[in-house]
Amino acid sequence: MDLFSHEGYRRLDKRIATVIEDGLVEVALSPTIKNNLKFSPRPYQVEAFTCLDYYLNNPRLRSKPTQLLFHMATGSGKTLVMAGAMLELYKMGYRNFIFFVNTDTIIRKTKDNFLNPSSSKYLFKEQINIAGVNVNINEVESFESINDEDINVLFSTIQGLHTKLNAPRENSITFDDFLDKDIVLISDEAHHINTLTKKKLSQSEKSEVTSWEYTVQRILNSNVNNIMLEFTATLELNHPNIASKYADKLLYDYSLAKFREDGYSKEVQTNQVDYQPIQRAIVAILISQYKKKIFASNGIVAKPVILFKSKTTAESAEMETTLKEELQNLSVEKLLKIKSLDNEILNKAVAYFQELDISPQGIIDEIKEDFSEDKIISVNSKNDTDEKQIVINSLEDHNNEYRAVFAVDKLNEGWDVLNLYDIVRLYDTRDAAGNRPGKTTIAEAQLIGRGARYYPFQLEESQEPDKRKYDNDLDNIMRSCETLHYHCSHNPRYIQELNSALRQIGLFPEEKVEVDLILKDEFKETPLYKNGFIFLNKKVKNSPKTLLEYQEPDIVKKHVYALRTNRSASTTILDNTSVKQNKIQANYSNKHLFSLWDKTII
């Protein structure tokens, strides 16, 4: 189901979209934004700014206090839209901003984007000038004793803001700070503040609520001129309470599927290898090195990064140690054994190394250097420093030499990386239930969506740097530099579940067929049509408690042993035909394995 197909979900968006589509409002960038942002906004970001400007300056549309949602794809540049919105709101008289999100990690990254001019991802020009006034962006702890000519930003987690306001301390922000000031709240990853909306409350809870969401709403409602701008890529608009809450607040919708269709993402392809996880990791390193060589051969200095994903921090630490040892002990004999795998993308890499006249020992020496211990980083500790967070969010910088990242789930949200080209799934388990992808698979799909951000490059003047260039030139070797490879075991059922999860988060639109059922005019005149009732049925899962007939005892009659076959396959994950053709096949690549088993077992 298209979550935005219902009229209620797009009520506000359509009213604005209509005047834009009819040419009644010009989609253009205001001088305030154009002259003060370091990066030029993309067309869809310009459209988002136009919608915001039109709504805020249209008394017939604008509700007060104002609450608006930007539902925009992962990687589409929501932070740039926040920065531009701050500039426009400053011009309208707003000086005090609260930026809040659910994790410290995103806070650190955003501070770098807003406050650190030396950062490659700093969003503003060196000097911000609005209507002839030079403006600074200041971080504050409260809105007392501030400079009224500057942009003052309080950065906080949702939890931290809730605690500060409900258990105030000296020099800390209080609810009284909001009574005589116009405040703009900017909520990143806004789906986290909807715990109250999704919950069914008892009478006592309704009368005495102290949730995060309540705190945010209390700030918003403290002044009629206050504004809250919410940004997220993953709001559960299929939840009836959430849908109802945002029915008249959805200002701009730019889906992940549209983002990909417009060419702003990498393509995503699975590389299914029925090897042990550590061998799968070596395959990914060879492919990553292949992409680096392609860039270098075309005069582009780029450093493809690999993410090694484990299920637990203990497993991640163990795999990190194992990989370092495996690389240290990598020999020509081991490399040739891995290279003998019949794998499409690996075969291309091997052929390219030979074309460049790089020997197997030369490849080993290169990857030992490029993936040495000091170029591998782990981000699993709760005590990771601010410096590490800056490092992990600046992997594209030329002075950042990290090639490999080990993680469990700390990078699922708020991680800005463009040169992530390979994700290695270091486990083979599935958690699907009832033909629906489980939480782990959905988290993996979200991580793929984050990693699919396009790495900008340009070989010809006519090319747009930040869009795919070779969709119609499938044999062009640069296609590999526009593709994120997701390395996992050869398990077609898991690939189907992952494909479903990618559809669920919006990276790939659902296949659907619309059928119009037309009632005849004469039937509409009948008493049945005018006075009758419509009865609808629904599917209910069978429960053994309600089945009175004899049930077969639940006895395990089949025992399965997973035999590694060294089989591999490649699937373009967003190509449904490719996914369906990716069938399980019997393929015993080494019949001599049977001779290793005890005759009794055979």
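Is serine 145 buried or exposed? With a relative accessibility of 81%, serine 145 counts as exposed (over 50% relative accessible area; buried means under 20%, and partly exposed lies in between, with a 1.4 Å probe and protein chains only).

## About the model

This is a predicted model, in which local features need pLDDT of at least 70 and side-chain atom pairs count only at pLDDT 80 or more, while totals for chains, interfaces and linings use all residues. Residues are numbered from 1 along each chain as its sequence is written, and side-chain values use heavy atoms, with hydrogens and water left out.

## Overall picture

The protein has 22 helices and 16 strands; these are DSSP runs numbered from the N terminus, with helices being H or I over at least four residues and strands being E over at least two. Buried residues make up 51% of the 602 in the protein.

Take the contacts (heavy atoms within 4.5 Å) between residues at least 6 apart in sequence: 78% of them join residues at least 24 apart. Carbon and sulfur atoms hold 49% of the accessible surface of about 31,500 Å², as given by the Shrake-Rupley method with a 1.4 Å probe.

## Backbone details in loops

Let's start with a cis peptide bond, which runs from lysine 64 to proline 65 with omega near -15°. Proline 65 sits in the loop between helix 3 (43-56) and strand 1 (66-72).

Serine 145 is not a glycine, yet its phi is positive, at about 55°. Its loop lies between strand 5 (137-139) and strand 6 (151-157). Aspartate 357, also not a glycine, has a positive phi of about 60°. Aspartate 357 belongs to the loop between helix 15 (344-355) and helix 16 (360-370), and is exposed at 71% relative accessible area.
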